[in-house]
Amino acid sequence: MTLAGFYLPFAEQLDLEANAQMLALVRALLAQPLPGVTDVVPGYVKLYLEYDAERVSRARVERWVRQHLQALPDAPAGKELELPVRYDGPDLPWVAAQTGLAVDEVVRLHSQTPYRVFATGFTPGFPFLGPLPERLRLPRRGTPRALVPAHSVAIAGSQTGIYPLPSPGGWHLIGTALTQVYNPHRETAFLLEAGDRVRFVPSEGPTPEVPPVKPLLPDAPRYPALRVEEAGLLDLVMDGGRPLSGRLGLAASGALDGRLAGLANRLVGNPPDAPLLELTLKGPVLSALRPLVAAFVGYGMRPLVGGTPVEVAQTFALRTGDKLRFASAPDGVRGYLALAGGLESARFFGSASTDHRGLIGRPLQVGDVLGVAQLKGARVGFGLVLPPLGQRRVRLLPGPQYSPEAMRALCSGPYELASGDRMGLRLVGPEVPGGELISEATPLGAVQITTEGQPIVLLNDRGRLGGYAKPALVHPADLPWLAQLRLGQTVRFVPAFDG
């Protein structure tokens, strides 16, 4: 799969009518999806169309969009809701001081205004509401909080919103919503969707609980295959990902290196997107509960059966009672363990992939029992040669906010990986010009620039909407290699085009 995408602008600034037209188009497109289109993500003023360039061309996607635009119905009216809010946020006194208003006046202005849900994203169910009364408009915090409590009601610029789950955030916290806006256990997981109208009602009451994790692995698998004796650093069930869910803020998820995951599955005779395990740096210890055929493809570790090394990217047998362990390898971070027959798992919005941030599934724990979806044999000793990672310069394509100055800065020197996870890779190096903008969809591989002028490369579990400049995109072929970087390693960017 090679993901590509483009934006379809509907306005330059917040515009209720343009936003309504965009949401009507989203509904029409989702009602008649085009094979190969992987997501349709509305922001405030732009619609992002993502597609698999190996399955469909941009020209075909554009024709599909034009056909629906020519026969676009009026947008149906969204729901109207009143949401109780306890106005107790830690930033409420500061907001009052900055705006020259009394605290009670801030509460009155914020709660008397009916807001439109322009979009949902950033985290699952996070509603971007507006427009905020002009007297309450303040820029984002200079330094985002590392962790905002769940259910926090916040403001920034011309918008207000609710943090459904604990997450980082740079908005000003003025209250606490007393109703869960996202709960994956409810029949309707998302309380609010784009197009709805909301009024906040000052109230008192207890803070709602954070929803528990929604498990996807069965408690009693039909064909028990492996028991977890020791958990690794981060062992996650993954498949091809969760398409057409970005408009709700769900992570795209899926294997960070879909090519390696597909190879592991093919080696054992599975479809390329069958559920398997993504392992990070330190693999688990697993006991075989029945005869199995498996394959591990990736970097950062190598498998051992009963203490004997097994070739990477080659099928191997496990007998009942065998212990599968993983020894550290010097290069890379992630690899994929596939079992013949695929892992048995439930699905959420069409995918078995773990969305750790969205409370969908969780990392493996001691005592977990994994099952195979079907009993299936595979040839043992069948494999391929996995090339070494080596050093590589990572190619950059122009991003949504491309500028020659930003591209020159990104390509002017090495960057060191300061931190990284499935959301993104935070790099430290030459300062890059950026800035804030109206929140819009975030493409996979976008190089987003923080307020400190440092780049973050956005990966599968990124927030689906963001309000920072993205002057470049990592070339799709180089993104899996970049996701194998270890902390402290460096990377150099080069432009993948003339200009």
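A polar contact here is a pair of N or O atoms within 3.5 Å; within protein, one atom must be able to donate a hydrogen and the other to accept it, and residues adjacent in sequence count only if both atoms are side-chain atoms. The model is a predicted one, so local features need pLDDT of at least 70 and side-chain atom pairs count only at pLDDT 80 or more, while totals for chains, interfaces and linings use all residues. Residues are numbered from 1 along each chain as its sequence is written, and side-chain values use heavy atoms, with hydrogens and water left out.

Arg464 is a handy place to start. This residue sits in the loop between β29 and β30, where strands (E, at least two residues) and helices (H or I, at least four) are DSSP runs numbered from the N terminus. Arg464 counts as buried because its relative accessibility is 2%; buried means under 20% relative accessible area, exposed over 50%, and partly exposed in between, with a 1.4 Å probe and protein chains only. A polar atom of the Arg464 side chain lies 3.0 Å from the backbone oxygen of Leu250. Leaving out residues up to four places away in sequence, Arg464 touches (heavy atoms within 4.5 Å) a list of residues including Asp39, Phe122, Leu250, Glu440 and Thr442.

Thr451 is placed in the loop between β28 (446-449) and β29. Its relative accessibility is 45%, so Thr451 counts as partly exposed. Beyond four places in sequence, Thr451 touches Gly142 and Tyr468. Ser328, in strand β21 (residues 323-328), counts as exposed because its relative accessibility is 63%. With neighbours within four places set aside, Ser328 is in contact with Gly300 and Met301.

On a 1 Å grid over the protein atoms alone, a cavity is a set of points where a 1.4 Å probe fits but cannot get out, and a pocket is an open set with protein on both sides within 12 Å along at least five of seven lines; lining residues have an atom within 4 Å of a point. Grid points are joined across faces, edges and corners, and a volume is the space filled by probe spheres set on the points. One cavity of 30 Å³ or more turns up, and the largest cavity has a volume of about 30 Å³. Its lining is made of Leu256, Asp257, Arg334, Tyr336, Pro480, Ala483 and Gln484.

The second largest pocket holds about 1100 Å³ of space. Its lining comes to 43 residues, and the closest to its centre are Phe122, Pro168, Met423, Arg426 and Ile456. Several elements give two or more residues to this lining, among them β7 (145-148), β10 (167-169), β26 (424-428) and β29 (455-458). Strand β30 gives the most, with four residues.

As for strand pairing (at least two DSSP bridges between two strands), β24 (residues 393-398) runs parallel to β32 (residues 490-495), and four bridges join them. Arg393 has Arg492 as its bridge partner in β32. Strand β24 is also joined to β31 (residues 472-474), this time antiparallel and by three bridges, with Leu396 opposite Val474.

Finally, helix α4 (residues 103-112) has Val106, Val107, Leu109, His110 and Ser111 buried. These buried residues pack against α3 (92-99), β5 (115-120), β8 (152-156), β9 (159-163), β11 (172-177) and β12 (197-202).
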